[in-house]
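This report examines selected features of a single protein chain. The sequence and model are shown first.

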Amino acid sequence: MINSNRLAETFQSLVQIDSVSRNEAQICQKLEAMLKSLGATTQIDNSRHATGSNTGNLIARFSGTVKAAPLLLNAHMDTVEPGNGVKPVFRDDVFTSDGTTILGADDKSAIAILLEVLTVIQENRLPHGPLEVVLTVCEEIGLLGAKHLDMNLITATYGYALDATDTHGVITRAPGANKLAFIVHGKDAHAGAAPEKGINAISIAAKAIAGLTLGRIDHETTCNIGIIQGGIATNIVPPQVIVQGEVRSHDPLKLKDITQIMAAAFEGAIKQYEPLSADAGRPSLETHIEPDFAGTHIPDDHPVVLLVMKAARNIGQSMVTKITGGGADANVFFERGIMTGVLGTGMRDMHTVRESVRLSDMVMTSELLLEIIQVHATGDNKDAAKTMP
């Protein structure tokens, strides 16, 4: 029942609406009108005051035609840079941009899929339980929309986010993450006339970073230094540098340990600093550690897993549970008690100008999601555990 031509047209129209993080108002307005036309009651929350976006999260509710537990469906409206003026190209089943921007399949392929499935349900009067569609802002800059969503607006206790690549997997495990910022305070001085009177903050930070093991620590833990900002001019000893990074792990103890190791490296570099002159003084350090998002771990026997497995079997699709190293709105929902599996739309090379998505993959996920909603409506997922691979 999925109309591939309509799905393609919807996707192409959505990616041409600029919606870089904090500028989602135009697409939000468009989507609200489309969802209302499908029979939803809609609400835009007040999260913009906390996120800095020009709009809030969009929540759309569809009353069920059958008695069932509410089902959450989630995607995000924002894209990364360069995301303005997207010109989609469609050739041989594949959508790309013209190469000057990202495509926006992350996450507009998901939104197009949701709209197509909801349209099919309405035009065919298919039975369905209550559906709560949550389209967030500012996902790409720290899951801010989900973090500042009033969870009292959501009654569902489980559901699905569409924000991954693999169309044959449901992500049930994702890491927790900490954000780190280290501010090294040194002392300015003329780099040519009196360098010994200064304290080079960049040099101290470099020694701290050089002592770290970055990248993949083990099969479930990673860490990264991603931003370094400092210095005034080449002829001035830099008095300050800001170093920002992150730690991710599926193991909360490892998350804590690696975070402490990174902090200790900067503390050690400060302590080991030897002044070049008696009047140079001592460097100092500010350390800021902030939990970014919690890890997720959905058991294989949870209804959100059993439901997708049953639906996939019904339509002849293979499906497995997966572990990821990335974060999504699902992490925030999980932390708030809403078990949220993450489904793939087929999007590839996200966050690059080489981003692409196959229409056939989008159709496949649309068919799967439609069947999920149908199985959910009948409650016919109790034997799914017997069919899991």
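## Basis

The structure is a predicted model.

## Nonpolar cores

The largest nonpolar core comprises 66 residues, and Leu 135 and Ile 372 have the most contacts inside it. Helix α4, spanning residues 105-123, supplies the largest share of this core, with 11 residues.

## The three-stranded sheet

Three strands form an open sheet in the order β4-β5-β17, and their pairing is antiparallel. Its edge strands, β4 (89-91) and β17 (356-358), each pair on one side only. On average, neighbouring strands in the sheet are turned by 20° against each other, direction ignored.

Strands β4 and β5 run antiparallel and are joined by three bridges, with β5 covering residues 94-96. Phe 90 has Phe 95 in β5 as its bridge partner.

## Ser 366 in helix α10

Helix α10 extends over residues 359-378 and contains Ser 366. Is this serine, Ser 366, buried or exposed? Its relative accessible area is 0%, so Ser 366 is classed as buried, the cut-off being under 20%.

When neighbours within four places in sequence are left aside, Ser 366 is in contact with Ile 2, Leu 7, Ile 113 and Val 117.

Definitions and conventions. Residues are numbered from 1 along each chain as its sequence is written. This is a predicted model: local features need pLDDT of at least 70, side-chain atom pairs count only at pLDDT 80 or more; totals for chains, interfaces and linings use all residues. Side-chain values use heavy atoms; hydrogens and water are left out. Helices (H or I, at least four residues) and strands (E, at least two) are DSSP runs, numbered from the N terminus. Buried means under 20% relative accessible area, exposed over 50%, partly exposed in between (1.4 Å probe, protein chains only). Contact means heavy atoms within 4.5 Å. Two strands pair if DSSP finds at least two bridges between them. Axes are lines fitted to C-alpha atoms, for helices over the stretch in contact, and angles run from 0 to 180 degrees between N-to-C directions. A nonpolar core is a set of buried Ala, Val, Leu, Ile, Met, Phe, Trp, Tyr and Cys residues joined through side-chain atoms within 4.5 Å.
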